[in-house]
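Dear colleague,

I am handing over the structure below, together with notes on what was found in it. Please read the notes with the coordinates open beside them.

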Amino acid sequence: MFFALSLLSLLLVLFFFYSYFRLNKKTVYPKAIKDLLSAHVNFYQKLGDTDQKKFEEMAIYFLSYIRIEGIKTEITDLDKTLVAASAIIPVFHFNKWKYYQLSTVLLYPDTFNREEFLQEGFEKDTLGMVGNGPLQRTMILSKPALYAGFQGGRHNTGIHEFVHLIDKEDGSIDGLPQALLQKSQNAEWIALVNQSIHGILSGESDINIYGATNQGEFFPVAAEYFFNDPDNFSYHHPRLFEMMKLMFQVP
């Protein structure tokens, strides 16, 4: 009996340490992160030397407290770099930012089915999601969708999901990001969002129709466009562009 209890105690201790170290294992940042950013991230390529160094440091810091795990896929240095870039681009101009509501990013080798998950928060159905409930503090991304966001165009699933997290800082994903807005700006922002959604639904806007789903989806969809194609965004949506410059503290 004593031996059995001792063995059980040992197993429990081993399980505790295994769980602890697994849950606290962080992502080792790519040694060639500068080269990977230079080759694959247009936002980074346009920065000056000083800002590029800042971007690299922010990406390395992000990877120091976030785990990136593959589901039926191996995680590569490029995977880590693109996840980090998705996180840093929206908050690059902030003095300090940490994604306190996130601990893990799961990458899938392809799109995934709604039936696999029970929690709310699905984005674009199969490309990415911010978890709730059992998957609180977890983001799930399709690897092909992550990569596609850095291959040109206005859409970027990684940025979309991280902007959702920024919106969630005030407790809800509702398209009214209190972390970025002064209270005096709320009415103007809501009016711009409603006007923009009306333009999408009436076929008078080039913003992705997914942004018309609701106010919570409009914000990250507009942010994808804002960061990936700022010249066209500013030309077609000047008032919205200026407001989002203020929100993301872009000089």
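Helices (H or I, at least four residues) and strands (E, at least two) are taken here as DSSP runs, numbered from the N terminus. This is a predicted model, in which local features need a pLDDT of at least 70 and side-chain atom pairs count only at pLDDT 80 or more, whereas totals for chains, interfaces and linings use all residues. Residues are numbered from 1 along each chain as its sequence is written, and side-chain values use heavy atoms, with hydrogens and water left out.

Confidence comes first. The pLDDT, which is the predictor's confidence in each residue on a scale from 0 to 100, averages 85 over the chain, and 79% of the residues score at least 70. The mean is lowest in helix α1 (residues 2-23), at 41, and highest in helix α5 (residues 77-91), at 98. Two stretches stay under 50: residues 1-24, for which the model has 3 contacts beyond four places in sequence, and residues 117-124, for which it has 34 such contacts; a contact here means heavy atoms within 4.5 Å. Where pLDDT is low, the predicted coordinates should not be read in detail.

Next, a serine in one of the helices. Ser196 is placed in helix α8 (residues 186-201), and it counts as buried because its relative accessibility is 12%, where buried means under 20% relative accessible area, exposed over 50% and partly exposed in between, computed with a 1.4 Å probe on protein chains only. Leaving aside residues up to four places away in sequence, Ser196 touches Phe218 and Leu240. Its side chain also reaches the backbone oxygen of Leu192 at 2.8 Å, a polar contact (a pair of N or O atoms within 3.5 Å; within protein, one must be able to donate a hydrogen and the other to accept it, and residues adjacent in sequence count only if both atoms are side-chain atoms).

With a salt bridge taken as a side-chain nitrogen of Lys or Arg within 4 Å of a carboxyl oxygen of Asp or Glu, the count comes to 6. One of them joins the side chains of Lys34 and Glu56, at 3.3 Å from N to O; this pair links distant parts of the chain, with Lys34 in helix α2 (residues 33-40) and Glu56 in helix α4 (residues 49-65), 22 residues apart. Lys34 counts as partly exposed at 41% relative accessibility, whereas Glu56, at 9%, counts as buried.

Arg154 is partly exposed at 25% relative accessibility, as is Asp206 at 28%, while Asp229 counts as buried at 17%.

Finally, helix α9 is mostly covered, with 13 of its 14 residues buried. At its start, a side-chain oxygen of Asn214 reaches to within 3.0 Å of the backbone nitrogen of Gly216.

With best regards
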